[in-house]
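I opened a notebook page for this chain. The entries below follow the order in which I looked things up.

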Amino acid sequence: MKETLINIGKVFLGLVLIAISLVLFALVTPLAFIWKVVVSVTNENRKARDIMAGTSSFFIEIAASYDQLGNAVFGGFFNWLFLQDTDIRYAFGNKDDTISEVLGWNAELNSLNNYGKLLVKLLDKLDNNHCYNAMYNGVLAARTKAHQFDNLNILKPL
């Protein structure tokens, strides 16, 4: 009974933390956007196109974060919905991967079912080679991390 109450408390705490993070996100996003525009406009060395590029990347980073959140939270569902039941596949659910990156891996591994293939086609129509490029960018990010790790000369985890 005690363990059940502790688990219920953890679930409730998790829900409260989600609510707080959503409220903070809703409050901070407009302020951060205004700050971004003001800092960009008041910088004498910035051109209008640089300001627009910086502003668009602000929103793209938010979208990518939502994408990673969706992959982490709905990973099991996406595995069921988009992947064939096979041993060779790249599973959804890693909080560091975007949905598009996982779709790109599975397109290359030929482990998408028809729904997954349809979603890849749709995304690729919106942005040419979107899923492959997302996979490739994930590989580049991993290589950069590995290179930085090698530079630290750490032999084992702490």
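Predicted model: local features only at pLDDT ≥ 70, side-chain atom pairs only at ≥ 80, totals over all residues.

Entry 1, helix α4. I began with α4, where 7 of the 10 residues are buried, so the helix is largely enclosed by the rest of the structure. I took buried to mean under 20% relative accessible area, exposed over 50%, and partly exposed in between, with a 1.4 Å probe and protein chains only. The buried residues of α4 are Ile99, Ser100, Glu101, Val102, Leu103, Gly104 and Asn106.

Residues are numbered from 1 along each chain as its sequence is written, and side-chain values use heavy atoms, with hydrogens and water left out.

I wrote down the background: most residues other than glycine have a negative phi. Asn110 lies in the loop between α4 (99-108) and α5 (114-126). Asn110 is exposed, at a relative accessible area of 55%.

Asn129 sits in the loop between α5 and α6 (130-152). Its relative accessibility is 39%, so I listed Asn129 as partly exposed.

How many helices and strands does the chain have? I counted 6 helices and 0 strands, taking helices (H or I, at least four residues) and strands (E, at least two) as DSSP runs numbered from the N terminus. The order from the N terminus is α-α-α-α-α-α. The radius of gyration is 20 Å, well over the 15 Å that the globule rule gives for 158 residues, so the chain is more spread out than a compact globule. That radius is taken over C-alpha atoms, and the rule is 2.2 Å times the number of residues to the power 0.38. Along its principal axes the C-alpha trace spans about 55 × 45 × 40 Å. I noted that buried residues make up 22% of the 158 residues.

Entry 6, contacts. I looked at contacts (heavy atoms within 4.5 Å). Among those between residues at least 6 apart in sequence, 48% join residues at least 24 apart.

I found 11 aromatic pairs in the structure. Rings of Phe, Tyr and Trp (its six-membered ring) pair if their centres lie within 6.5 Å; planes under 30 degrees apart count as stacked, over 60 as edge-to-face and the rest as tilted. The rings of Phe33 and Phe59 have centres 5.3 Å apart and planes at 45°, so I filed the pair as tilted. This pair links distant parts of the chain, with Phe33 in helix α1 (residues 2-42) and Phe59 in helix α2 (residues 48-73), 26 residues apart. Phe33 is partly exposed at 27% relative accessibility, and Phe59 is partly exposed at 42%. Phe59 also pairs with Phe58: the ring centres are 5.3 Å apart and the planes at 80°, so this pair is edge-to-face. Phe58 is buried, at 18% relative accessibility. Last, I listed one aromatic cluster formed by Phe74, Phe77, Phe78, Trp80, Phe82 and Phe92.
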